[in-house]
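Okay, everyone, thanks for coming. I'd like to walk you through a sheet and then an interface, so let me put the structure up.

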Amino acid sequence: MADITKFSNIKVLVVDDLAGMRSQLRITLSNSGFEKVRVVPSIKEALVRVQSEKYDLILCDYCLGDSTNGQQFLEYLRTRDLISRHTVFIIITAERSYENVVMTAECEPDDYLLKPFTAEQLNNRLEKLLDRREYLAAIDHASDAKNWSLVVTECDRLIPAKDKYFIDVCKIKGAALLKSNRAQEAADLYRELLAMRPIAWAELGLAKACALLGADDQARELVHQILAETPRFMAAYDFASSLHAAAGDRQKALEVLQKAGEISPGTMNRVRKISELATATGQHDIAEQVMREALQKHKHSPVREAQDYAILSHALTEQGKPDQALKVLGDAKDSFRDEASTTLLAANESMAQRKAGNNELAEEALSRALAVNCDNLPAGVATAVADACFALGREDKATALLKQVVQNNPDDKLAHQKVQAVLAAAGKGEQEARAMIEASVKEIIQLNNDGVREAEAGQLAEAITLLCDAADRLPNNLQIVGNAALALALDLVHNGHTVIKMQECLRYRQLVEDKSPGYPKLAEIDAVLKQVSQD
Amino acid sequence: MKDISAAVIHDVKNQLAELALRLETRGDAVLETGIALAVARRLTELLLLQRQQAGMLQANIDSASPADLLQELAADYRSQFPNLDIHAESAGAPPYWFYDAVLIRLALANAAHNACRNARSSVILAARQQDGLLIFEIADDGPGFPAEMLAATDIAPTPASRHGTGLGLYLAGKIAGLHVLNNKFGSVELANRDGAIFRLKLP
């Protein structure tokens with residue numbers, strides 16, 4: 001029987017659109033000793049709950065009316081890190097066929113529970129899942145901190161037991177190795193697993209490791225094999241598409257994702273990728289159709305983003321339908337009020353007005369887009385604003401924005417592609433665009449090297465001015481921000497401690513840690529800071 | 001038509017789910033809960049058959065714990081058949097094996113249900129590793145399988161026979177067969193020894 005004390009402190013969230021099932025699950029859970037149960041009818045309300053409270057357990061029905069399903073909701077939560085890895089997420093389903101749900105899952109829940117079930121079956125399952133959660137606690141916490149090397153270490157602690165969680169732990173370890181670029185170790189692990197059993201996720205892991213190791217042909221061959229054997233394995237399509245895109249074949253990349261779309265309606269992430277690829281290959285009709293359908297389906301759902309409306313509006317503007325584009329943007333305005341979203345929508349509005357021949361209204365929209373501090377805008381938003389600037393002949397502003405995007409995201413190939421696309425749309429040749437990107441990268445590397453050289457030569461004040469100025473301009477450039485923190489730390493050691501200097505140093509350090517907890521420079525900064533506290 | 005029938009079955013399963021939980025909270029409806037679950041299982045079998053006939057039944061193979069599966073099944077049937085001594089034995093089972101946990105659970109649940117219906121006093125659910133295979137075994141102390149069933153397991157289900165449609169057994173064979181390793185296929189076999197024995201072997 002249920003152990004009352006065991007469940008009493010577990011916080012549970014139930015998401016189900018059927019009122020009868022909601023109340024019944026509440027009674028069942030409370031009879032089993034769960035004292036902290038909240039039930040909600042929609043993911044909109046679920047989202048409000050998870051953002052204000054930490055849940056240990058989420059029971060979410062797969063089918064939630066006509067809108068976003070439980071699987072898509074989970075992907076939304078995971079992509080945005082809205083729930084901890086330590087939260088057990090269970091999808092309840094009465095789907096006509098179970099494999100329809102499970103094989104098409106790109107983001108796995110901890111378990112599926114098939115309807116109908118008894119209270120005892122539910123208890124039994126929850127007890128096992130909570131045991132497993134306890135077992136994996138250290139790994140979960142390291143995953144939440146995105147500290148992948150610690151995840152690997154924790155996995156290595158558990159692997160020798162070779163107990164019933166062995167394969168689960170290996171799976172987590174493989175993913176962590178890939179995330180920390182330890183591709184050879186990942187490949188070795190996946191090969192070991194595959195020698196035991198040909199499992200689709202291990203084959204995909206090996207393909208990803210091969211790609212990281214530069215063995216693209218091998219990666220492609222493996223992915224083909226997976227898709228031939230397991231044609232419903234959605235994650236394999238996503239990876240196959242990214243391989244084509246990386247090789248420069250965006251048409252192929254698009255076709256692969258379209259094929260995936262025929263098998264499973266998929267999640268917004270894939271819809272976005274499809275429409276982005278369609279836009280990049282000039283097939284604005286495809287972008288329009290795919291995004292329009294998705295937004296219709298996810299009407300009123302929180303999985304939508306301003307970016308989705310921007311994509312649709314752009315596709316319409318490009319096809320000479322600016323009036324429809326303006327209507328789409330009008331619909332979006334009420335839903336998205338944060339700075340990045342309003343800026344993005346304003347930039348697109350400017351483009352649509354320009355296309356409609358309303359130059360004054362276009363200028364007005366652009367001035368709204370330019371009114372914000374552009375340093376902190378995501379690359380996708382800044383490039384859209386640059387696009388609108390080009391359209392209205394503001395070439396200097398556009399170029400400055402694009403340079404900022406490149407320097408703020410020096411290693412982000414996707415951001416560079418966006419910059420290139422905007423330059424191409426503005427009539428710049430491919431070589432000119434590439435040269436501009438390379439020059440921007442070079443400039444920031446040079447600035448970084450100058451700062452480091454000055455610091456090494458003991459000219460700390462000069463180094464700090466240079467690096468901190470750049471770090472404030474480019475908060476996403478971890479090398480610059482990290483070196484700014486390091487220069488400040490050195491200054492604290494050599495020239496004495498001040499509260500303000502320390503605060504600044506820690507602020508930059510935190511920026512780096514938030515974006516990349518395992519960033520190597522952090523250890524260096526900490527080592528220097530240790531000398532400060534010892535003085 | 002197929003879509004409509006699937007959608008209707010989907011609805012019915014949702015309603016059965018609510019019914020099962022409602023009955024259970026009443027506390028005096030063990031039998032009725034069992035009926036609701038059995039009805040749902042029959043519907044699931046029907047859907048699986050449709051998919052299997054259309055060549056669309058696929059196994060999603062990953063690691064799973066045989067001991068956990070048996071423990072869950074034993075708990076289920078203990079509450080549905082409180083007069084039987086239902087025992088799970090997994091000492092000889094490996095800590096993990098590779099199979100589609102949902103499909104195998106459906107196959108074993110059907111066999112366990114039959115065993116419980118036919119048993120005099122006890123049912124044993126066991127798992128062990130032997131010759132590179134994982135063997136699930138469900139044994140009861142009832143009258144045993146009739147001779148014609150022992151003779152052939154891979155017979156298509158029939159609308160009416162003395163022993164039901166044979167759908168559960170047919171599907172169990174097909175589900176086992178979806179599990180393949182190095183050209184070795186999973187299989188189902190029936191035997192009699194102090195009662196009926198159902199075996200599901202997975203490579």
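This is a predicted model: local features need pLDDT of at least 70, side-chain atom pairs count only at pLDDT 80 or more; totals for chains, interfaces and linings use all residues.

Strand β3 of chain A, residues 57-61, runs parallel to strand β4 of chain A, residues 88-93, and five bridges join the two. If you want a landmark in that pairing, look for Cys60(A), which sits opposite Ile91(A) in β4(A).

Now zoom out a bit. Those strands belong to an open sheet of five in chain A, ordered β2-β1-β3-β4-β5, and the pairing is parallel. So where does the sheet end on either side? The edges are β2 (36-40) and β5 (111-114) of chain A, each pairing on one side only. Going from one strand to the next, the twist averages 20°.

Next, the helix to watch: α2 of chain A, residues 19-31. This helix packs on the sheet and touches β1 (11-15), β2 and β3 of chain A. Its direction makes about 175° with that of β2(A).

Okay, over to chain B. On the chain A side, 34 residues are in contact with 35 residues of chain B. Which elements of chain A give two or more residues to that side? They are α2, α5 (98-102), α6 (119-135) and α9 (166-179) of chain A. And here α2(A) comes back: with six residues, it provides the largest share of the side touching chain B.

Definitions and conventions. Residues are numbered from 1 along each chain as its sequence is written. Chains are lettered from A and ligands numbered from 1 in the order in which they are written. Two strands pair if DSSP finds at least two bridges between them. Helices (H or I, at least four residues) and strands (E, at least two) are DSSP runs, numbered from the N terminus. Axes are lines fitted to C-alpha atoms, for helices over the stretch in contact, and angles run from 0 to 180 degrees between N-to-C directions. Two residues are in contact if their C-beta atoms, placed from the backbone, lie within 7 Å.
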